[in-house]
Amino acid sequence: MIRILVSNLKGGCGKTTIATNLAGIFARAGLPTALADSDRQRSALAWLAQRAATAPPITGLDWHKESGEVPPGTARLVIDAPAALRVKEVEALLVEADLVVVPILPSLFDEASSARFLARLDELKPVRKGKKPVLVVANRLRPRSRAGQRLEAFLAELGHPPVARLADRALYGELALKGLSVLDAPARDAAAALAEWQPLLRAIEEAG
Amino acid sequence: MHIVRADRKFLCLSPKCDKMVTRAEAAAPAGREVEVKLAVAAHDLERLAAAPMLTERALRTTRRELLSTYFDTRDGRLWRRGVALRVRRIGRRRVQTLKGPSRGTGAAADRPELEVAIESDTPDLAAFRDPLAFELTGLVLPGELVPVFTTHIERTELEVGWPSLDRREAVVAVALDRGRIVADGKEEPIAEVELELRHGAERALAALVEALRAIAPVAFETRDKASRGFALALGLAPPPRKAGRLALDPEDTVAAGLRRIGLAGLAHAVANLAPAADGRDPEGVHQLRVALRRLRSALSLFRPVLAETDRDRLNGEMRWLLGELGPARDRDVLATELLAAIEPIEDLAAERAASAELLAEGRPALYARVRTALESRRAAELWLDLAAWFELERFRENAPEPTRFDEPLRPFAAERLDKRWRQVKKLGRRFEQLDAERRHRLRITLKKLRYGVDFFGSLWPETAVKKLAGACADLQDRLGHLNDVAVATQLARDVLAVAGTDPRAPSAGLALGAVIGWHARAGRRLLRQAGECLDELLAIEPFWREAA
């Protein structure tokens, strides 16, 4: 089993979009998948509730009070961490995970908190010792925007160049309404989007 | 040439099998593949198939055409995970097979294998209905699997009854495969014989190999078809392998010990034949040389019970092969380990590059020599001889006192280890005053002691063995580096002699001179450390004496 924690201090950075899409991709590829929601708002579980009955099943786990058991036979576990998390809480969730995916937006307002979060993460023992990789995802990029270039430079300076770059697409919103992932969309709509996910998927497999 | 692939019990010679436990007592295989693969010339396949020795014993003969397609992701992820996925056409049927990496954990160590009938030629991992399939492959997105290569095989399979030692008949499936591997327009012929034990004593396989040898020239084949296909399609070098850990039984006799140690050594050697011939990874030739030295060391440890004629013959052949591999290994040592010493000297960067270039240019010729030797009939016969000698206990035949083989192994091992120990002690006296020649003798004797400890260690408690083996290794390390000066000097002379009037020769000479100087300077410190290591080693109460 590979356990993936999706986390950032700040809300609204696309955490749930990334967590639900990862879970949906794993399930579509045939892997027994569980999606744990630690957020009080339970938006990941809400996504799951919308999921079409024909889509491959995903086990939903409500972890908003505390983390619990994972069903035996699970091959991939995706944990959607709450926003406004304290480092202590991240540390507790990190015990349940093999790696951390950190979505970051190309926004000036996000930079300071992201920098602080990454620095704190790097201090945690399993991360410091290289046992649990931190994979940064540049999220909701606009093509050729100056903000995107700024983000690249900023992340390089932090020593966390993005593992993947995901464009801002209306597609994600449409899919979310049906509880689906980018891999469930017709290929002609989603080929470009899916290609952006590949490096992240590969990095997760290698870390696991 | 290609050599054996077989299981841990008979000859565990598969490149993927990392556990090399051989067992003296033959027993019916339970849920495992026990097989040997032989490479033959295509024109000899017919001859073997028609041999009365096989046809007269055949219980059943079948002929089939097998068309198998192997799948992987474009970036070769399955192969890198040690996983092979194949869809095989057998007439109208389609069978999908997934093989995982061998899991070397004790008796249950096996290569996981899933098999299921499917409807089309396209693989479908979900069809296995087993979470193990996904555990083996990892995330594979829909449409990501592409055909990498195909094998076209005409298989004649004879099920042969073979008399075994205890007069119970063994049944062996003899598959004669002829065909080709096709990848991306590239093609490689297949001509091989696979012997798989259906039931009965494993020795029957070795006996059958001996019988086949009498009909046509055969050689052990070490790579399975999947490895060959991936090598052809993706241009991957076969991975070298280190010696496995040996597990002897305290109840073993001298013969059983010799048999297991010999077969493990042989398995180590043949696993590295393809990597050595390939040459891309210097570790291949290195591991093959280690295996040969260990085998020679085993013959020397068992010297009191062995026939001199046998020992001389096998030793001679192994010495010949070591000699053919030596120059390639020496060059690699100089180009990698020794030359690295002057890497920090920036002013010598150009000179270092010049010598690296000269060394790299000499490499193909040296590896051509390695390949010629490994592909020779002489080498093929050596492996087959060793296999029969150890597996069928041919070592009994010319032995001066064959009954000694039935004595218990442990006291014998203790006596042999003690002899080496006393030699080390004697040679190490007044260590600081030893000249290079005597230090060299100490190093060689120590190496023999170390191999002996490796071979026989499993007969004694692990911690005591580890302590002594660790102290040996520390000393060996120092003595080895001390020896580097001599090695570097000799190699530098050879390289410069070959370079002759090459315009880079003076630069290379300067760099190699610096290498020699660096190692000579390191020598003084190493000498002091070696003295300390020797004292530490000799202060240990040898484990074999405590138990005796």
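In the predicted model, 28 residues of domain 1 of chain B are in contact with 25 residues of domain 2 of chain B. The largest share is that of α11(B), with nine residues. By class, the domain 1 side holds 16 nonpolar residues, six polar and six charged. The domain assignment places domain 1 at 251–406 and domain 2 at 408–547 of chain B. The C-alpha centres of these two domains are 18 Å apart.

Chain B has 17 helices and nine strands. Its C-alpha trace spans about 75 × 60 × 45 Å along the principal axes. A compact globule of 548 residues would have a radius of gyration near 24 Å; the value for chain B is 26 Å, so the two agree. Buried residues account for 44% of the 548 residues of chain B. Of the contacts in chain B with a separation of 6 or more, 74% link residues 24 or more positions apart.

The largest nonpolar core contains 124 residues. Within this core, B:Leu38, B:Val172, B:Val193, B:Val370 and B:Trp383 touch the most other members. Helix α7(B) gives the most to the core, namely twelve residues. Both domain 1 (251–406) and domain 2 (408–547) of chain B supply at least three residues each. A second, separate core has 87 residues. Among its members are A:Cys13, A:Val163, A:Leu200 and B:Leu145.

Helix α11 of chain B also holds B:Leu366. This residue has 20 other C-beta atoms within 10 Å; burial requires 20 or more, so B:Leu366 counts as buried. Neighbours within four places in sequence aside, B:Leu366 is in contact with B:Pro327, B:Ala328 and B:Arg331. B:Glu324 is 42 residues from B:Leu366 in sequence. In space, the C-alpha atoms of B:Glu324 and B:Leu366 are 8.8 Å apart.

Helix α12 of chain B covers residues 377–391. At 1.5 Å a residue, its 15 residues should span 21 Å; the end C-alpha atoms are 21 Å apart, so the helix agrees with expectation. The buried residues in α12(B) are B:Ala379, B:Ala380, B:Leu382, B:Trp383, B:Leu384, B:Leu386, B:Ala387, B:Trp389, B:Phe390 and B:Glu391. One of them, B:Trp383, is also among the residues that touch the most other members of the largest core. The packing partners of the buried residues of α12(B) are α5 (203–215), β9 (218–220), α7, α10 and α11 of chain B. After α12(B) comes B:Glu393, with a positive phi near 55°.

Chain A comprises eight helices and seven strands. Its radius of gyration is 16 Å, close to the 17 Å given by the globule rule for 208 residues, so chain A is as compact as a globular protein of that length. The C-alpha trace of chain A spans about 45 × 40 × 30 Å along its principal axes. Of the 208 residues in chain A, 46% are buried. Among contacts in chain A between residues at least 6 apart in sequence, those joining residues at least 24 apart make up 81%.

Helix α4 of chain A runs over residues 108–123. Its 16 residues should span 22 Å at 1.5 Å a residue; its end C-alpha atoms are 24 Å apart, which agrees. Buried positions in α4(A) are A:Asp110, A:Ser114, A:Phe117, A:Leu118 and A:Leu121. These buried residues pack against three helices, α3 (87–94), α5 (125–128) and α6 (146–158) of chain A. They also pack against the strands β5 (99–104) and β6 (134–141) of chain A.

The contact between the chains takes ten residues from chain B and eleven from chain A. On the chain B side, eight residues are nonpolar, one is polar and one is charged.

Notes. Residues numbered from 1 in each chain as written. Chains lettered and ligands numbered in written order. Predicted model: local features only at pLDDT ≥ 70, side-chain atom pairs only at ≥ 80, totals over all residues. Domains from an automatic or database assignment. Contact = placed C-beta atoms within 7 Å. Helix = DSSP H or I, 4+ residues; strand = E, 2+ residues; numbered from the N terminus. Nonpolar A, V, L, I, M, F, W, Y, C, P; charged D, E, K, R; others polar. Core = buried A, V, L, I, M, F, W, Y, C linked by C-beta atoms within 7 Å. Buried ≥ 20, exposed ≤ 12 C-beta atoms within 10 Å, placed from the backbone. Expected span 1.5 Å × (residues − 1). Rg over C-alpha atoms; globule rule 2.2 N^0.38 Å.
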